[in-house]
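These are my notes from going through a structure one step at a time. I wrote down what I looked up and what I found.

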Amino acid sequence: MTGIIVRRLLGALPVLLLVSLITFGLLRLIPGDPSAVIGGPSATAEQLEQIRINLGLNEPLPMQLVHWYAGLFQGDLGRSLLLGQPVVKATFERLPVTLGLAFYALIITLIVGLLSGIIAALRQNTWIDQLSMMTAMLGISVPNFFLGLLGIIFFAVKLGWLPTGGYVPFSEDPWQWFRSVTMPAISLAMLQMGLLARITRSTMLEVLRQDYIRTARAKGLPGRQVVLKHALANALIPITTIIGIIVSLLISGSVVIEMLFSIPGIGQLLTQAVLNRDYPMVQGGLLLTTVFLVLVNIFVDILYAFLDPRVRYDSK
Amino acid sequence: MTASDASLDAPLDIAELEEELEIAEARQSPWRMTVVRLFRHRLFRWGLFLFGIIIIAGVLAPLLTDISPNKISMRAKFETPSLEHLFGTDNFGRSLWSRTLWGAQLSLIIGSSVVVLNAIFGTLLGAVSGYFRRLDNPLMRMNDALMAFPAILLAIAVTAVLGPSTINVILALSVVYIPRTARIVRSSVIVLRELEYVQAAIAAGAGHSRILLRHILPNALAPLIVQLSFLFAYAVLAEATLSFLGLGAVPPTPTWGNIMAEGRQYMVEAPWIISIPGVALMITVMGLNLLGDGLRDVLDPRLRIQQ
């Protein structure tokens, strides 16, 4: 097991190296003079020079690269032009907000997605199956921000059950936090719920056709035990591999959801940064979020190896 | 004795006729068989219907409306949908019928451009790295790195660098999705490369390009087509998200995301402004998802979801 963990961590190194290189290259891809884009049309020559010095753009490219990596290893990704605070600090301040929202959405996704997928598989070709698969199709087709807008109109404005937006930290008031993120979390989770329900259903159907399920039924085990112990346990293994994808989709989706509900998370931070041409913030935020996702995927891989002994034996 | 001779002196035998039909069907090209099977797929037909509405709306936009999507008419602000204003009007009195139709056209242009770029460069990258083992590792590491970024965040960062415009949105979405397409092509090429008929072609002295183009790629087409139909849906959705955030085509360009972003302020008094493009977006994405499901069931039965 330790071997697998070490190997997965080492295996992620080239990806992390390339991710940081791509993020570095991004700022250099700005057509023309980046300082002119940042400074705007009214900037004087001295102001432009100052911007170039601040961003290190006056140095030759190889030196810029050296500084970028030197900064990375010291946990220094520069300063946000808009907020004036270090990029790393700004990101870590907002990260818990996004993670809380994503975690809430993940829990809803897992409960609803797994349950409806399992029930649909067990009741294959009945109206329950068709209803849940139609709902799943709707879920993967509705844009999350449209769902959020409809939610605001009905549940916030018309019925007044939930706030129209805004955010209360969990540490301040857990109940108000819950109220403020429920609608965003549901809008955010809809796509992943649909995906998970579809995948769970097809995986369960596959497993239920296996010989050992027939054997289990033939030797007279109660149906519940066959489903839970034999079928579900084996169906869950391939399903764990998509949790990494689900988390990535949740983080992606939270960008627009945070803007819509004015939740001060990473998504809002990055969108504001992009709209205000705060390139160091865009760069740093993108890099840190991606590194976080790479780590999540490593964790999922290790979990997979832990759940499925075949993976452990194969990689020895 | 041929079948037609038999029918002259014997009474009609239904079973025999059916057998003949089946043979005739089997003689048709595999493509026609596939099309026949696709049209028998109920959900595929639904997908075709839904996406067909959007295609008609987008292609015929110049014929279906003669009002410019950006024509401001302050006297006709916030008109509810009626016979005069089919989809109502927005805060500037612009016709939402016209804006939604032109928005459909723009969504289709962006979606199909991303699909075409993916078909070309995704296939190229995937085929090269799947076929030439030396190139596989470096190309796929690069691919993994690009796929590690959350899709929308990378698209946002790329549009931030290039600046907001329709072409840049297409480029950004291609950067995001080409690695995913390449991965799918590569995995089929790796399997096909080892098959005996490919080995036979190598033994017969076929060159690399001939083997790839004539022997491997045609057989890697099925998963690629399935991927591209889902990709169309992702691209339309991602474009709408970007323009809703104000990072897509610059307003007043009538994209569905732009209409919804502008209508957001008035969503309580004038809910149709956000709902009409929202529903149009949903119809597009659902249509494409259903088409993708149908194509997968028929072309690539191993990956079947609807069983």
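This is a predicted model: local features need pLDDT of at least 70, side-chain atom pairs count only at pLDDT 80 or more; totals for chains, interfaces and linings use all residues.

Entry 1: Asn125(A) sits in the loop between helix 5 (87–122) and helix 6 (127–141) of chain A. Its phi is near 65°, a positive value in a residue other than glycine. Most residues other than glycine have a negative phi.

Entry 2: I looked up Arg277(A), which is not a glycine but has a positive phi of about 55°. Is Arg277(A) buried, exposed or partly exposed? I found 19 other C-beta atoms within 10 Å, so Arg277(A) is partly exposed. Arg277(A) belongs to the loop between helix 12 and helix 13 of chain A.

Entry 3: I turned to helix 12 (residues 266–275) and helix 13 (residues 279–307) of chain A, whose axes come within 9 Å and cross at roughly 150°. Because of that angle, helix 12 of chain A is roughly antiparallel to helix 13 of chain A. I noted the crossing of these two helices of chain A as left-handed. From helix 12 of chain A, the contact uses Ile266(A), Leu269(A), Leu270(A), Ala273(A) and Val274(A). From helix 13 of chain A, it uses Met281(A), Val282(A), Gly285(A) and Thr289(A). Sorted by class, the residues of this contact are 7 nonpolar, 2 polar and no charged.

**Entry 4: chain A as a whole.** I counted 14 helices and 0 strands in chain A. Chain A has 316 residues, and 41% of them count as buried. I read off a box of roughly 85 × 60 × 35 Å for the C-alpha atoms of chain A, taken along the principal axes. I also checked contacts in chain A between residues at least 6 apart in sequence, and 71% of these join residues at least 24 apart.

**Entry 5: chain B as a whole.** I found 14 helices and 0 strands in chain B. Of the 307 residues in chain B, 45% are buried. Among contacts in chain B between residues at least 6 apart in sequence, I noted that 68% join residues at least 24 apart.

**Entry 6: where the chains meet.** How many residues of chain B are in contact with chain A? I found 34 residues of chain B in contact with 37 residues of chain A. On the chain B side, helix 7 (133–148), helix 8 (151–162), helix 12 (221–244) and helix 14 (272–299) each supply at least two residues. By class, the side of chain B that touches chain A has 26 nonpolar, 5 polar and 3 charged residues.

**Entry 7: a residue of helix 7.** I picked out Asn137(B), which lies in helix 7 of chain B. Asn137(B) has 11 other C-beta atoms within 10 Å, so it is exposed. I compared its place with that of Val158(B), 21 residues apart along the chain, and their C-alpha atoms are separated by 25 Å.

**Entry 8: a pair of helices in chain B.** I looked up helix 6 (residues 96–131) and helix 14 of chain B, whose axes come within 11 Å and cross at roughly 30°. That angle makes helix 6 of chain B roughly parallel to helix 14 of chain B. I recorded their crossing as right-handed. Helix 6 of chain B brings Leu96(B), Thr100(B), Gly103(B), Ala104(B) and Ser107(B) to the contact. Helix 14 of chain B brings Ile273(B), Ile276(B), Pro277(B), Ala280(B) and Thr284(B).

**Entry 9: the nonpolar core.** I found 162 residues in the largest nonpolar core. Those with the most contacts inside it are Ala155(B), Ile156(B), Leu173(B) and Ala235(B). Helix 8 (residues 174–208) of chain A gives the most to this core, with 17 residues. Leaving aside neighbours within four places in sequence, I listed the contacts of Leu173(B) as Val114(B), Ala155(B), Ala235(B), Ala238(B) and Glu239(B).

**Entry 10: a cis bond.** Most peptide bonds are trans. I found a cis peptide bond joining Pro251(B) and Pro252(B), with omega about 10°. Pro252(B) is in the loop between helix 12 and helix 13 (256–263) of chain B.

Notes. Residues are numbered from 1 along each chain as its sequence is written. Chains are lettered from A and ligands numbered from 1 in the order in which they are written. Two residues are in contact if their C-beta atoms, placed from the backbone, lie within 7 Å. Helices (H or I, at least four residues) and strands (E, at least two) are DSSP runs, numbered from the N terminus. Ala, Val, Leu, Ile, Met, Phe, Trp, Tyr, Cys and Pro count as nonpolar, Asp, Glu, Lys and Arg as charged, and the others, Gly among them, as polar. Axes are lines fitted to C-alpha atoms, for helices over the stretch in contact, and angles run from 0 to 180 degrees between N-to-C directions. Angles under 35 degrees count as roughly parallel, over 145 as roughly antiparallel, 65 to 115 as roughly perpendicular and the rest as oblique. A crossing is left-handed if the near helix is turned anticlockwise from the far one by less than a right angle, and right-handed if clockwise. A nonpolar core is a set of buried Ala, Val, Leu, Ile, Met, Phe, Trp, Tyr and Cys residues joined through C-beta atoms within 7 Å. A residue is buried if 20 or more other C-beta atoms lie within 10 Å of its own, exposed if 12 or fewer, and partly exposed in between; C-beta atoms are placed from the backbone.
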